[in-house]
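Keep the structure open as you read.

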Protein chains: 4
Amino acid sequence: MEKVFRDPVHNYITVQNQTIYDLINTAEFQRLRRIKQLGTSSFTFHGAEHSRFSHCMGVYHIAKKITDYFTATYPDRWNPEENLVTQTAALLHDVGHGAYSHTFEGLFGTDHEAVTQEIITSPETEINAVLRQVSPDFPEKVASVISHKYPNRQVVQLISSQIDADRMDYLLRDAYYSGAVYGEFDLTRILRVIIPMENGIAFKANGMHAVEDYLISRYQMYMQVYFHPASRAMEVQLAKLLARAKDLYLKEDSFFKMTSPNLVPFFEQKNQLKDYLALDDGVMNTYFQAWIQHPDPILSDLAASYINRHLLKSVIYHKNDEEQLKVLIDQVAEGGFDPDYYTGLHSNFDLPYDFYRPNSEKPRTQIEILAKDGTLTELSELSPVVASITGTSHGNARFYFPKIMLDKPEFTQYIKNESFFPKEEL
Amino acid sequence: MEKVFRDPVHNYITVQNQTIYDLINTAEFQRLRRIKQLGTSSFTFHGAEHSRFSHCMGVYHIAKKITDYFTATYPDRWNPEENLVTQTAALLHDVGHGAYSHTFEGLFGTDHEAVTQEIITSPETEINAVLRQVSPDFPEKVASVISHKYPNRQVVQLISSQIDADRMDYLLRDAYYSGAVYGEFDLTRILRVIIPMENGIAFKANGMHAVEDYLISRYQMYMQVYFHPASRAMEVQLAKLLARAKDLYLKEDSFFKMTSPNLVPFFEQKNQLKDYLALDDGVMNTYFQAWIQHPDPILSDLAASYINRHLLKSVIYHKNDEEQLKVLIDQVAEGGFDPDYYTGLHSNFDLPYDFYRPNSEKPRTQIEILAKDGTLTELSELSPVVASITGTSHGNARFYFPKIMLDKPEFTQYIKNESFFPKEEL
Amino acid sequence: MEKVFRDPVHNYITVQNQTIYDLINTAEFQRLRRIKQLGTSSFTFHGAEHSRFSHCMGVYHIAKKITDYFTATYPDRWNPEENLVTQTAALLHDVGHGAYSHTFEGLFGTDHEAVTQEIITSPETEINAVLRQVSPDFPEKVASVISHKYPNRQVVQLISSQIDADRMDYLLRDAYYSGAVYGEFDLTRILRVIIPMENGIAFKANGMHAVEDYLISRYQMYMQVYFHPASRAMEVQLAKLLARAKDLYLKEDSFFKMTSPNLVPFFEQKNQLKDYLALDDGVMNTYFQAWIQHPDPILSDLAASYINRHLLKSVIYHKNDEEQLKVLIDQVAEGGFDPDYYTGLHSNFDLPYDFYRPNSEKPRTQIEILAKDGTLTELSELSPVVASITGTSHGNARFYFPKIMLDKPEFTQYIKNESFFPKEEL
Amino acid sequence: MEKVFRDPVHNYITVQNQTIYDLINTAEFQRLRRIKQLGTSSFTFHGAEHSRFSHCMGVYHIAKKITDYFTATYPDRWNPEENLVTQTAALLHDVGHGAYSHTFEGLFGTDHEAVTQEIITSPETEINAVLRQVSPDFPEKVASVISHKYPNRQVVQLISSQIDADRMDYLLRDAYYSGAVYGEFDLTRILRVIIPMENGIAFKANGMHAVEDYLISRYQMYMQVYFHPASRAMEVQLAKLLARAKDLYLKEDSFFKMTSPNLVPFFEQKNQLKDYLALDDGVMNTYFQAWIQHPDPILSDLAASYINRHLLKSVIYHKNDEEQLKVLIDQVAEGGFDPDYYTGLHSNFDLPYDFYRPNSEKPRTQIEILAKDGTLTELSELSPVVASITGTSHGNARFYFPKIMLDKPEFTQYIKNESFFPKEEL
């Protein structure tokens with residue numbers, strides 16, 4: 001068999017394995033069509049409306065290219081029996097993502113990684129049924145790749161490391177759809193210098209600059225796209241909206257039971273896998289549109305603001321000044337806005353790259369460069385550019401508030417260059 | 001003021017007019033973010049998940065480029081006072097599109113063009129309120145451009161003709177998002193040879209081949225993307241699904257009133273503008289997901305098939321053989337499927353281009369090429385390639401049926417090369 | 001072994017065969033770096049300065065992709081022993097091209113196709129030496145592919161037919177370098193639907209529109225790039241320049257023997273292969289620059305005009321009016337210009353596609369589309385767009401003259417819309 | 001007037017000023033068509049065969065876009081009377097480049113910057129004649145922009161600084177033609193955030209990451225394209241070839257006077273402007289091809305190796321080990337190669353960015369970022385990525401030698417990972 005999918009990023013994505021094709025056709029995987037890859041970012045970058053479905057297809061495609069290349073080029077270093085588990089894990093690595101996952105998880109305690117595991121291993125799902133046809137233990141094998149416990153570190157690193165099939169696809173894809181050229185890097189070259197090692201993967205020395213460029217592209221995408229203040233405004237507003245609904249539900253549940261049945265299990269903290277799978281972006285937005293009719297003026301207003309994209313404004317603040325923000329919060333309250341729902345803090349920091357630190361909380365698998373004589377060197381030792389973004393977080397914290405506050409001099413006196421300065425500093 | 005929107009097709013889209021910016025921020029326009037530009041095509045071309053919002057932004061952008069160019073280049077042929085009405089009409093020309101418009105209209109008698117008019121002219125909408133700030137008659141002016149009644153034919157043709165801002169954006173955009181390179185054409189060149197005439201627009205002779213290429217690109221997009229049999233399967237299934245729901249509603253409405261409140265006015269044929277605006281792709285899909293739980297096995301199955309993308313299969317048939325399809329339909333019935341819901345006909349024909357035929361039902365504004373000495377010639381007279389697609393429709397009619405039928409020799413004996421042949425012909 | 005060449009059109013071109021690599025490193029092949037692919041077109045499209053070297057690399061690349069695909073996909077239809085001869089013929093098909101081949105051949109009676117044969121089969125060349133290492137008859141085999149005499153028609157058609165590796169590369173490459181987007185087509189798809197048949201190659205029916213699009217792209221490139229009047233002015237001027245030099249040489253050869261030694265064998269019609277190989281664009285231009293110092297004012301002026309790109313102007317004329325052009329030629333003479341050197345006719349016509357016509361002078365191998373049931377149909381029967389450009393030539397004939405003539409009303413009275421009209425017609 | 005040039009990098013380049021158009025048509029500017037932008041790099045990146053002509057057109061285009069934007073957007077900060085001098089200086093900034101400039105200058109003491117000045121100011125040139133038509137002092141004005149002496153620092157910085165029209169074009173162009181995606185950056189965004197200041201130009205804070213990305217792209221192009229070891233081999237071989245010819249000329253000049261007349265003034269150190277302008281890539285290559293026939297075996301071999309691309313091989317060495325290379329050089333001599341001509345050192349180092357250091361030899365104009373409140377900050381203070389490449393040189397030094405040496409264990413014992421290690425270190 002051979003099925004072909006037209007893809008604007010990778011041109012054609014080819015499926016020659018029946019298991020892969022059957023997985024794509026499961027209800028759980030098709031559901032990813034209804035969840036945007038970038039969540040609230042599409043409100044800022046209107047072109048970036050692509051779904052997690054297309055991203056997962058792309059990750060599969062990159063994994064297939066690598067495993068095919070390893071099979072043909074490194075028969076003594078790579079076991080072709082790992083091809084299917086690698087490609088399957090690539091395809092399914094994000095299958096547990098839900099609607100507006102990050103915000104949703106913060107509020108309802110769900111965990112998309114745990115859901116991914118459950119979708120793969122629970123006998124209730126279509127995905128599990130397909131996987132079991134390969135072998136009874138195949139679901140567990142695939143799940144263990146995604147949870148990093150699979151014994152073959154080559155496979156694990158291809159799916160999840162600082163340079164893996166997931167990141168390579170999302171950078172190229174998000175760049176393509178947002179229109180951000182700085183997200184591009186030389187995928188073809190990276191796929192030519194990647195090499196299986198005894199305990200993972202490495203990159204040949206003549207591809208060092210391509211890897212360097214990939215890391216810088218990733219850093220640029222974080223700074224310019226993923227951390228955009230307008231998208232984060234929408235995230236803040238979404239969190240406030242859901243929080244308000246949850247509060248109101250506890251007082252009076254009938255409105256929500258009628259308009260938002262699939263959220264009820266979450267409000268009641270009784271949610272099961274099937275409840276999680278019943279949510280997607282469209283379902284959530286449908287509920288939010290219904291909430292505009294709710295008698296509570298705050299819920300109604302938050303819902304309308306979200307749906308119609310009326311954004312809160314923001315300033316950058318320094319973590320040390322978080323306490324001092326009270327002076328602004330008080331003014332928002334005086335302005336007639338409940339600050340619990342009309343102000344918010346949003347921190348976005350990313351550690352673009354780090355070498356392996358055995359004592360850190362989440363030690364990272366470092367990127368290693370293979371010299372001709374077989375010696376391995378950690379990347380930041382070779383590249384001053386990479387060293388400059390190694391081990392340090394980048395990003396900022398922002399304080400969000402109603403736009404109307406910008407008309408008040410007593411408010412804006414604390415703001416300079418889009419940043420908050422407590423009085424004493426100015 | 002100046003606002004900039006990053007767009008992957010046009011790079012940056014710039015808004016310098018407050019009215020345009022305010023229109024973008026209305027609820028009715030933001031709603032377009034929740035409606036896919038290509039409807040069911042994204043089920044076939046997974047990359048083509050872009051919304052009508054981004055298309056409308058693109059049409060505005062092209063209209064702005066043309067009106068800016070006319071203003072600077074042809075002060076004696078173009079009146080700059082037409083700039084705003086042109087750009088506004090470009091932005092709003094599709095604002096009345098709803099969820100899965102074409103299928104929906106067939107079933108519920110709505111008309112997205114009429115809705116566009118209503119959104120612009122009804123005093124209830126935010127869009128109308130913004131337009132009235134320009135002048136009391138501005139809404140009517142904009143609406144008349146879209147309905148082709150505006151006296152200035154230059155403006156009308158820029159918005160709606162065989163080569164207009166709408167088509168130019170959607171071809172480029174749909175090509176970019178689907179990954180179909182054949183949809184590309186030389187927009188920059190066309191924007192350099194377009195010229196205002198007394199009664200419309202024309203194209204300078206040195207750009208003739210660029211216009212020719214645009215028409216061929218459009219033809220290719222129809223043949224290869226818009227008319228793809230898999231997308232049409234989804235359209236057929238959607239029509240069947242909605243029809244079944246409508247039928248069931250008339251018998252027993254409580255389930256639908258609970259799960260699908262926004263469709264009720266349509267089931268009852270009492271729908272008003274606000275009901276139409278309450279629907280979008282997400283709302284519809286939310287309802288379809290709820291319908292999977294309906295006790296009617298046909299509705300439940302149709303809903304699940306649509307949501308999970310289980311496609312009907314199809315063969316091409318000749319219009320003359322439509323009657324003869326009964327032999328296949330009967331077999332589908334014998335196979336245990338209600339043919340009213342599990343078979344369907346779907347015709348897709350496009351007339352890629354035509355010259356002006358005064359006696360035709362919908363006479364088209366022909367494309368004219370301006371020679372250096374001022375003479376105008378209709379395009380197909382100059383281009384044999386264009387002549388070959390002039391005045392003739394292209395496409396096919398397909399008969400849809402359950403996939404399982406392909407396993408039966410008594411069924412497939414009528415099929416050769418994906419086409420239906422009644423017995424006598426084989 | 002594996003060598004990789006970065007290529008902007010195909011991304012990476014990979015060489016894994018030592019013979020191919022050795023051929024690339026021969027003097028005769030490296031010489032192609034010094035010959036522009038598009039000759040005088042780069043004077044019009046300044047970006048299109050690429051060489052025949054890069055084109056030949058691209059043709060090899062496409063041939064390699066096809067033969068690799070055939071080997072993997074059609075073991076019963078394609079003999080992998082043909083891979084090397086196919087790839088080699090692809091690489092070498094243009095190796096006999098010389099500086100400004102077409103113009104040069106018209107004047108000196110050389111024939112780049114014959115030279116290609118000679119380079120491959122003559123024991124004097126490095127290329128022949130490399131080929132002989134494969135087997136003693138390998139040079140003849142490769143040469144026979146290029147001369148269409150090789151018994152395996154599959155191989156011949158991949159190298160030379162109406163849709164071959166040569167054309168596919170030059171369309172994409174010339175489009176990329178000139179900036180002409182209309183030259184693009186869906187190479188990846190074509191490479192997926194091409195299929196070896198018993199007597200040649202065909203294309204599967206589901207790729208019919210991609211082939212159609214390729215033919216239209218080719219037609220567009222001819223109309224918009226290859227036949228551009230400014231490039232043809234340079235061709236006319238080049239022909240005049242070489243003709244004048246040849247004439248002068250016969251009268252007095254010392255100047256040319258000193259300044260242009262490599263042309264002497266051609267002036268004396270004693271040229272051998274080594275003389276041909278000693279010419280390239282740089283050598284020719286070096287000579288032309290020297291000729292500016294020649295005492296003959298016409299040669300000097302023609303050389304300076306060519307080197308500094310002072311172009312003749314032109315009008316389109318109808319073949320029937322060729323005689324009537326005398327009225328313009330006489331005026332040019334009266335204006336003080338020798339019409340033998342300052343006027344010229346230039347016809348450019350292309351037959352974009354044709355089906356097989358057994359009685360025609362050069363019968364073409366038609367493009368055939370393979371239906372699922374195995375029937376073959378000639379392309380223009382299926383595609384009205386292709387039919388529209390089948391069997392008819394497109395292009396025009398132009399009359400070239402000094403720019404200054406455009407200032408004279410008695411001259412321009414015969415010109416309307418860039419075309420010549422003999423008096424009676426106007 | 002308006003003339004349009006199709007350009008694959010910038011799409012269309014528009015000329016609306018007669019002076020600019022006349023300058024393009026001068027002999028000195030047309031000559032740039034005959035000089036490759038990247039010199040020997042096209043021997044490594046076969047696609048990168050573009051000329052200095054197309055680069056200069058691109059620099060003009062960027063300068064025009066910036067000056068048009070400044071004129072429209074910053075009437076109080078930018079004087080539109082500077083538009084023409086800026087665009088002219090952009091067009092002409094490289095007009096003094098010659099064939100293989102860098103190598104040639106090292107040997108013959110020419111200086112392409114001085115030649116640029118001379119071409120602009122010498123009354124002998126066509127360029128000077130065109131410029132004088134603007135005003136008698138216009139040639140001097142243009143020349144002073146290029147020599148950094150023009151009083152308006154805005155103009156000077158647009159033409160020559162660490163982020164100027166020249167660099168922006170060559171990065172994009174060299175990336176496009178070589179196929180190196182990492183050279184791309186967001187030109188459109190940079191052109192939107194550039195702002196004229198009292199003493200130069202700056203970039204608005206919201207474009208900081210685009211400037212950062214531009215610098216990293218530049219760094220990547222140096223590391224991966226400009227410093228490629230194979231291109232440098234050709235540079236070394238070219239230098240050796242010219243040096244040998246110069247030596248031989250002093251002993252016996254007749255061969256060179258016959259075959260290479262335009263080099264004679266340089267051999268005799270009597271070269272004038274007209275001699276310099278008579279050289280281009282084609283002329284040089286023509287001479288080299290002639291030198292293959294020279295009786296001196298070294299000259300003949302060096303010429304053939306250059307023309308046919310037989311490359312020296314190389315190893316990286318540390319500056320401290322330069323003395324120690326003698327052990328390898330001696331072996332080359334023992335192998336029968338004159339080390340003066342068959343070994344060579346080649347250092348390529350680039351300082352990607354630096355802030356202004358008043359005491360440095362060549363203080364650089366630093367890149368400054370403008371905050372909303374008007375404060376300016378030097379870029380590396382804001383960007384750790386930029387800081388990592390600030391003030392430090394990147395690149396390496398290589399030792400070149402005949403390929404055959406790699407077959408000798410006594411030679412390769414000093415080589416590990418493509419680097420030279422004197423015995424004691426291994």
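## A four-stranded sheet in chain A

In chain A, four strands make an open sheet, ordered S3-S4-S7-S8, with mixed pairing. This is a predicted model. Strand S3 (194-197) and strand S8 (376-378) of chain A are the edge strands, each pairing on one side only. On average, neighbouring strands of the sheet are turned by 45° against each other, direction ignored.

Strands of a sheet pair through backbone hydrogen bonds, and the pairing is either parallel or antiparallel. S3(A) and strand S4 (residues 200-204) of chain A run antiparallel. Four bridges join them. One pairing sets Met197(A) against its bridge partner Gly200(A) in S4(A).

## Ala202 of chain A

Ala202(A) belongs to strand S4 of chain A. Is Ala202(A) buried or exposed? Ala202(A) has 20 other C-beta atoms within 10 Å, so it is buried. The cut-off for a buried residue is 20 or more.

Which residues does Ala202(A) touch, leaving aside those up to four places away in sequence? They are Ile195(A), Met197(A), Glu368(A), Ile369(A), Leu370(A) and Leu376(A). Of these, Met197(A) has its bridge partner in S4(A). Glu368(A) lies 166 residues from Ala202(A) along the chain. Even so, the C-alpha atoms of Ala202(A) and Glu368(A) are separated by 5.2 Å.

## Domains of chain A

The domain assignment divides chain A into domain 1 (3-226), domain 2 (229-306) and domain 3 (312-351 + 394-426). Domain 3 is written as two stretches, 312-351 and 394-426. How far apart do the C-alpha centres of domain 1 and domain 3 of chain A lie? The answer is 38 Å.

## Where chain A meets chain B

Chain A puts 31 residues in contact with 31 residues of chain B. On the side of chain A that touches chain B, at least two residues each come from strand S1 (3-7), helix H2 (27-30), helix H3 (52-73), helix H10 (165-178) and helix H17 (281-291) of chain A. H17(A) gives the most, with six residues.

What kinds of residues make up this side of chain A? They divide into 11 nonpolar, 14 polar and six charged.

## A hairpin in chain B

Now turn to chain B. Strand S3 (residues 194-197) of chain B has side chains that alternate. Ile194(B) and Pro196(B) point to one face and are buried.

S3(B) pairs with strand S4 (residues 200-204) of chain B in the antiparallel sense, over four bridges. Two residues form the hairpin that joins S3(B) to S4(B).

## Two helices in chain B

Two packed helices are described by the angle between their axes and the distance between the axes. Helix H6 (residues 112-121) and helix H7 (residues 126-134) of chain B have axes that come within 6 Å. The axes cross at roughly 55°. H6(B) and H7(B) are therefore oblique to each other.

Which residues meet here? H6(B) brings Ile119(B), Ile120(B) and Thr121(B), while H7(B) brings Ile127(B), Asn128(B) and Leu131(B). This contact has four nonpolar residues, two polar and no charged.

Two residues of chain D have a positive phi without being glycine. His148(D) has a phi of about 75°. His148(D) sits in the loop between helix H8 (138-146) and helix H9 (153-159) of chain D. His148(D) counts as partly exposed because it has 13 C-beta neighbours inside 10 Å. Glu418(D) has a phi near 65°. The loop that holds Glu418(D) runs between strand S10 (415-416) and strand S11 (419-420) of chain D. With 17 other C-beta atoms within 10 Å, Glu418(D) is partly exposed.

Thr188(D) lies in helix H11 (residues 187-193) of chain D. Thr188(D) has 15 C-beta neighbours inside 10 Å, so it counts as partly exposed.

Conventions. Residues are numbered from 1 along each chain as its sequence is written. Chains are lettered from A and ligands numbered from 1 in the order in which they are written. This is a predicted model: local features need pLDDT of at least 70, side-chain atom pairs count only at pLDDT 80 or more; totals for chains, interfaces and linings use all residues. Two residues are in contact if their C-beta atoms, placed from the backbone, lie within 7 Å. Ala, Val, Leu, Ile, Met, Phe, Trp, Tyr, Cys and Pro count as nonpolar, Asp, Glu, Lys and Arg as charged, and the others, Gly among them, as polar. Domain bounds come from an automatic or database domain assignment. Two strands pair if DSSP finds at least two bridges between them. Axes are lines fitted to C-alpha atoms, for helices over the stretch in contact, and angles run from 0 to 180 degrees between N-to-C directions. A residue is buried if 20 or more other C-beta atoms lie within 10 Å of its own, exposed if 12 or fewer, and partly exposed in between; C-beta atoms are placed from the backbone. Angles under 35 degrees count as roughly parallel, over 145 as roughly antiparallel, 65 to 115 as roughly perpendicular and the rest as oblique.
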